[in-house]
Amino acid sequence: MSLSAHQSARSGSDEWLTPPEILLALGCFDLDPCAPIDRPWDMARQHYTIKDDGLSKQWTGRVWCNPPFGKEAIKWLRRMAEHGNGIALIPARTETKMFFECVWGSADAVLFVRGRLHFHHVDGRRAPFDSGDPISLIAYGQSNADALERSGLGYVVSDSSKRTT
């Protein structure tokens, strides 16, 4: 079984935690605008949950964004591209409208994660099944592209046209 659409039919939830080793490899974040309501660890200093409607709130600082996978994900990625400072975790579906609109030509770097991630339940337990999709980390802002390079989590493709000399 996989976490297609970032959810499991068994759990009935689309709230899944980012594996802590991913966050540890990327450094500290100021805001997670789409955080699970219940979580055993923090993804950032400040969190917005579904109750807060993170898309309607002001985003400040370095943002971590692991949106619900599916049709709504493009809204979150548009907002990340507009904000321009953070890293998003999304399926590596490079041919989709979302990638063409919000990643290719907008992001500073893309990291293709090695292997398939196992997300965690909101109680902290690691899911026994993998994500079902290859995962990518999308960096907006050069410091976030640098964080992807340092992370060792996979293969990074950078947008060299955005680099200043």
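**Note on the predicted model**

1. The lining of the largest pocket divides into 12 nonpolar, five polar and six charged residues. That makes 23 lining residues in total. Those nearest the pocket centre are Cys34, Ala35, Ile50, Pro68 and Trp76. The pocket volume is about 340 Å³. Please bear in mind that this is a predicted model.

2. Cys34 belongs to that central group, and the cysteines deserve a separate check. The closest cysteine sulfur to that of Cys34 is in Cys65, 3.7 Å away. A disulfide needs the two sulfurs within 2.5 Å, so this pair is too far apart for a bond. The count of disulfides is zero. Cys34 counts as buried, because its relative accessibility is 14% and the limit for buried is under 20%. Cys28 counts as exposed, at 58%, since exposed means over 50%.

3. Helix H2 spans residues 73-83. Its buried residues are Ala73, Ile74, Trp76, Leu77, Arg79 and Met80. An α-helix has 3.6 residues a turn, so residues three or four places apart point the same way. Note that an arginine, Arg79, is in the buried set. Trp76, also in that set, is one of the residues nearest the centre of the largest pocket.

4. Ser136 sits in strand S6. Its relative accessible area is 0%, so Ser136 is buried. Leaving aside residues up to four places away in sequence, Ser136 touches Ala88, Leu89, Ile90, Pro91, Ala92, Phe99, Val110, Leu111 and Phe112. Take Ala88 from that list. Ser136 and Ala88 are 48 residues apart in sequence, yet their C-alpha atoms are 8.1 Å apart in space.

5. Asn144 lies in helix H4, residues 142-151. Is this asparagine buried or exposed? Asn144 is buried, because its relative accessible area is 0%. A polar atom of the Asn144 side chain lies 2.9 Å from the backbone oxygen of Tyr140. With residues up to four places away in sequence set aside, Asn144 touches Arg62, Asn85, Gly86, Ile87 and Ala139.

Key:
Residues are numbered from 1 along each chain as its sequence is written. This is a predicted model: local features need pLDDT of at least 70, side-chain atom pairs count only at pLDDT 80 or more; totals for chains, interfaces and linings use all residues. Side-chain values use heavy atoms; hydrogens and water are left out. Helices (H or I, at least four residues) and strands (E, at least two) are DSSP runs, numbered from the N terminus. Buried means under 20% relative accessible area, exposed over 50%, partly exposed in between (1.4 Å probe, protein chains only). A polar contact is a pair of N or O atoms within 3.5 Å; within protein, one must be able to donate a hydrogen and the other to accept it, and residues adjacent in sequence count only if both atoms are side-chain atoms. Contact means heavy atoms within 4.5 Å. On a 1 Å grid over the protein atoms alone, a cavity is a set of points where a 1.4 Å probe fits but cannot get out, and a pocket is an open set with protein on both sides within 12 Å along at least five of seven lines; lining residues have an atom within 4 Å of a point. Grid points are joined across faces, edges and corners, and a volume is the space filled by probe spheres set on the points. Ala, Val, Leu, Ile, Met, Phe, Trp, Tyr, Cys and Pro count as nonpolar, Asp, Glu, Lys and Arg as charged, and the others, Gly among them, as polar.
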